[in-house]
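Please look over the sequence and the model shown here before reading on. The report that follows moves from the whole chain to single residues.

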Amino acid sequence: MIVELDGSGNVLEIDDLVGVGSGGLFAECAARALLDIENYDAEKIAYKAMNIAASKCIYTSNEFKF
(Lines give C-alpha, C1' and ligand atoms only; values in the text may rest on other atoms or scores of the structure.)
Protein backbone atom coordinates (compact mmCIF):
# COMPACT_ATOMS: atom_id res chain seq x y z
CA MET A 1 0.00 0.00 0.00
CA ILE A 2 1.19 3.51 -0.84
CA VAL A 3 0.15 6.50 1.23
CA GLU A 4 0.30 9.94 -0.38
CA LEU A 5 -0.21 13.29 1.29
CA ASP A 6 -1.66 15.82 -1.15
CA GLY A 7 -1.23 19.61 -1.11
CA SER A 8 -4.40 20.09 0.95
CA GLY A 9 -3.27 17.73 3.71
CA ASN A 10 -5.47 14.82 2.64
CA VAL A 11 -4.05 11.32 3.09
CA LEU A 12 -4.69 9.12 0.06
CA GLU A 13 -4.26 5.34 0.05
CA ILE A 14 -3.12 4.04 -3.32
CA ASP A 15 -3.26 0.32 -4.04
CA ASP A 16 -1.10 -0.07 -7.13
CA LEU A 17 1.38 2.64 -8.22
CA VAL A 18 1.81 6.38 -8.24
CA GLY A 19 3.97 8.87 -10.10
CA VAL A 20 5.34 11.77 -8.06
CA GLY A 21 6.72 15.12 -9.16
CA SER A 22 6.45 17.24 -12.27
CA GLY A 23 6.81 14.21 -14.56
CA GLY A 24 4.90 11.86 -12.30
CA LEU A 25 1.94 11.38 -14.61
CA PHE A 26 4.23 10.43 -17.50
CA ALA A 27 6.23 8.07 -15.29
CA GLU A 28 3.06 6.43 -14.00
CA CYS A 29 1.73 5.90 -17.53
CA ALA A 30 5.03 4.36 -18.67
CA ALA A 31 5.11 2.06 -15.64
CA ARG A 32 1.52 0.94 -16.26
CA ALA A 33 2.43 0.08 -19.86
CA LEU A 34 5.47 -1.94 -18.74
CA LEU A 35 3.55 -3.89 -16.09
CA ASP A 36 1.88 -5.86 -18.90
CA ILE A 37 5.24 -7.33 -19.96
CA GLU A 38 5.82 -10.82 -18.61
CA ASN A 39 8.40 -11.00 -15.77
CA TYR A 40 8.37 -7.21 -15.22
CA ASP A 41 7.45 -6.21 -11.69
CA ALA A 42 7.52 -2.76 -10.11
CA GLU A 43 11.12 -3.16 -8.91
CA LYS A 44 12.43 -4.07 -12.38
CA ILE A 45 10.52 -1.18 -13.94
CA ALA A 46 11.87 1.30 -11.38
CA TYR A 47 15.43 0.00 -11.76
CA LYS A 48 15.29 0.27 -15.54
CA ALA A 49 13.72 3.75 -15.39
CA MET A 50 16.32 5.05 -12.92
CA ASN A 51 19.17 3.74 -15.07
CA ILE A 52 17.70 5.56 -18.07
CA ALA A 53 17.31 8.75 -16.00
CA ALA A 54 20.89 8.45 -14.71
CA SER A 55 22.19 8.21 -18.26
CA LYS A 56 20.36 11.41 -19.24
CA CYS A 57 20.67 13.61 -16.13
CA ILE A 58 23.89 14.65 -14.36
CA TYR A 59 21.94 15.05 -11.09
CA THR A 60 20.61 11.47 -11.06
CA SER A 61 22.91 8.82 -9.61
CA ASN A 62 22.95 5.20 -10.64
CA GLU A 63 23.85 4.12 -7.10
CA PHE A 64 20.57 2.59 -5.89
CA LYS A 65 19.62 1.51 -2.36
CA PHE A 66 16.80 -1.03 -2.07
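## Charges and overall figures

The mean positions of the 5 positive and 11 negative charges of the protein lie 12 Å apart, where Lys and Arg count as positive and Asp and Glu as negative, while His and the chain ends are not counted. The place of each charge is taken as NZ of Lys, CZ of Arg, CG of Asp or CD of Glu.

This is a predicted model, in which local features need pLDDT of at least 70 and side-chain atom pairs count only at pLDDT 80 or more, whereas totals for chains, interfaces and linings use all residues. Residues are numbered from 1 along each chain as its sequence is written, and side-chain values use heavy atoms, with hydrogens and water left out.

Taken along the principal axes, the C-alpha atoms of the protein fill a box of roughly 35 × 30 × 20 Å. The accessible surface of the protein is about 5500 Å², and 56% of this belongs to carbon and sulfur atoms; such areas come from the Shrake-Rupley method with a 1.4 Å probe, and for residues only the protein chains shown count as cover. Of the 66 residues in the protein, 11% are buried, a word that means under 20% relative accessible area, with exposed meaning over 50% and partly exposed in between (1.4 Å probe, protein chains only).

## Elements and the hairpin

The protein has two helices and two strands, and from the N terminus on its elements run β-β-α-α. Helices (H or I, at least four residues) and strands (E, at least two) are DSSP runs, numbered from the N terminus.

Strand 1 (residues 2-5) and strand 2 (residues 11-14) run antiparallel and are joined by four bridges; two strands pair if DSSP finds at least two bridges between them. In strand 2, Glu13 is the bridge partner of Val3, and Val11 is the bridge partner of Leu5. The two strands form a hairpin with five residues between them, and Gly9, in the turn, has a positive phi of about 90°.

## Glu28 in helix 1

Glu28 is found in helix 1, and with a relative accessible area of 18% this residue is buried. When its neighbours within four places in sequence are left aside, Glu28 is in contact with Leu17, Val18 and Gly19, where contact means heavy atoms within 4.5 Å.

Among contacts in the protein between residues at least 6 apart in sequence, 0% join residues at least 24 apart.

## The loop between the helices

Which residues does Leu35 contact, leaving aside its neighbours within four places in sequence? They are Leu17, Tyr40, Asp41, Ala42 and Ile45. Leu35 has its place in the loop between helix 1 and helix 2, and it counts as partly exposed because its relative accessibility is 36%. The C-alpha atoms of Leu35 and Glu4, which are 31 residues apart along the chain, are separated by 21 Å.

Asp41 is placed in the loop between helix 1 (24-34) and helix 2 (42-56), and with a relative accessible area of 40% Asp41 is partly exposed. The side chain of Asp41 reaches the backbone nitrogen of Lys44 at 2.9 Å. The C-alpha atoms of Asp41 and Ala31, 10 residues apart along the chain, are 9.5 Å from each other.

Key. Polar contact = N/O pair within 3.5 Å; in protein donor to acceptor, adjacent residues only side chain to side chain.
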